[in-house]
Every structure is written in structure tokens, then in C-alpha cells.
Amino acid sequence: PMAKPGVEMILGIVRDETYGPMVMAGLGGVLAELIGDVVFAPLPLGPNAAYALLDRVKGRALLDGVRGAPPSDIAALVAVIVALSDLATDLGDAIEEIDLNPVIVHAHGEGVTVVDALIVKRDEV
């Protein structure tokens, strides 16, 4: 079924050669490729760090509701970021990357919908 409308975000785990697994968050959908508004933070991330990560996204104001749109369910988005961080921490070196795009953040109290997900296992080292 079609997901309810909301703000499209991208979330993921990427592996940095220096810092290891990193959480990625930013504007998603076509905006992920168009403007590349993404930020990164090392694992693990708790709720406070996840909120701080979102505050670094340049388009963060979209989550607050602009031009008549309702405020987004930021708490639900933070919960997904923390769960993603926990998953990547638990799986350690087994994961090369995780890409959730788009993650549609619905109006406050209505949660999020992960529309597409990709998990790439890491080659045996």
C-alpha cells in the first residue's frame, strides 16, 4: 500500500576506513541524490546523540513543518536511528552498509515508514 505522506529522510550505516561503522542521516528520496544533505556520527548513538545528529542536517526545519505541513514525528525517527545504531553495533564487522531510503517521517504521533531497505554483508576478512 501507499505510505502516508511525510518528510522523506535517508538513514544508514556506512563503513569509514578510519572510524569504522558510522550512522548516516539526511534528507532522503530524490533529495538524497540531488543535494546530498547527509551527516555522519560514530557508533553507538543514544537518543540525545541521535537528536543532535538530526540537528546537523541542513534541511532539518522540514521536520518541524513548513508551509502548512504538520510537524513530523521526530521521536519516532530518533527511535529508528537508535535501533539502527544498536543493530550495527551488535552485528559489528558482519555489515558493510545499510541503506534505508526513503524513510517517510509522518506527522507527530503517526510514526515512520521505511519504504526501501538494503543491507550489504561484509566480505569475510
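The buried residues of helix 2 pack against strand 1 (7-16), strand 2 (20-27), strand 3 (38-42) and helix 3 (74-91). This is a predicted model, in which local features need pLDDT of at least 70, side-chain atom pairs count only at pLDDT 80 or more, and totals for chains, interfaces and linings use all residues. Residues are numbered from 1 along each chain as its sequence is written, and side-chain values use heavy atoms, with hydrogens and water left out.

**Helix 2**
- Ala 50, Leu 53 and Leu 54 are buried in helix 2 (residues 47-55); buried means under 20% relative accessible area, exposed over 50%, and partly exposed in between (1.4 Å probe, protein chains only).
- These residues lie on the same side of helix 2, because they cover an arc of only 95° around the axis.
- Asn 48 and Asp 55 are exposed, on the face of helix 2 turned away from its buried side.

**Salt bridges of Arg 60**
- The structure holds 6 salt bridges, each a side-chain nitrogen of Lys or Arg within 4 Å of a carboxyl oxygen of Asp or Glu.
- Arg 60, buried at 18% relative accessible area, forms one with Asp 55, the closest N and O atoms being 3.2 Å apart.
- Arg 60 also forms a salt bridge with Asp 64, with 2.8 Å between the closest N and O atoms; Asp 64 is partly exposed at 42%.

**A link between distant parts**
- Arg 122 and Asp 93 meet in a salt bridge (3.6 Å, N to O).
- This pair links distant parts of the chain, 29 residues apart: Arg 122 lies in the segment after strand 6 (117-121), and Asp 93 in the loop between helix 3 and strand 4 (95-105).
- Salt bridges that share partners join Arg 15, Asp 93, Glu 96 and Arg 122 into one network.

Definitions and conventions. Helix = DSSP H or I, 4+ residues; strand = E, 2+ residues; numbered from the N terminus. Arc of directions from axis to C-beta. Contact = heavy atoms within 4.5 Å.
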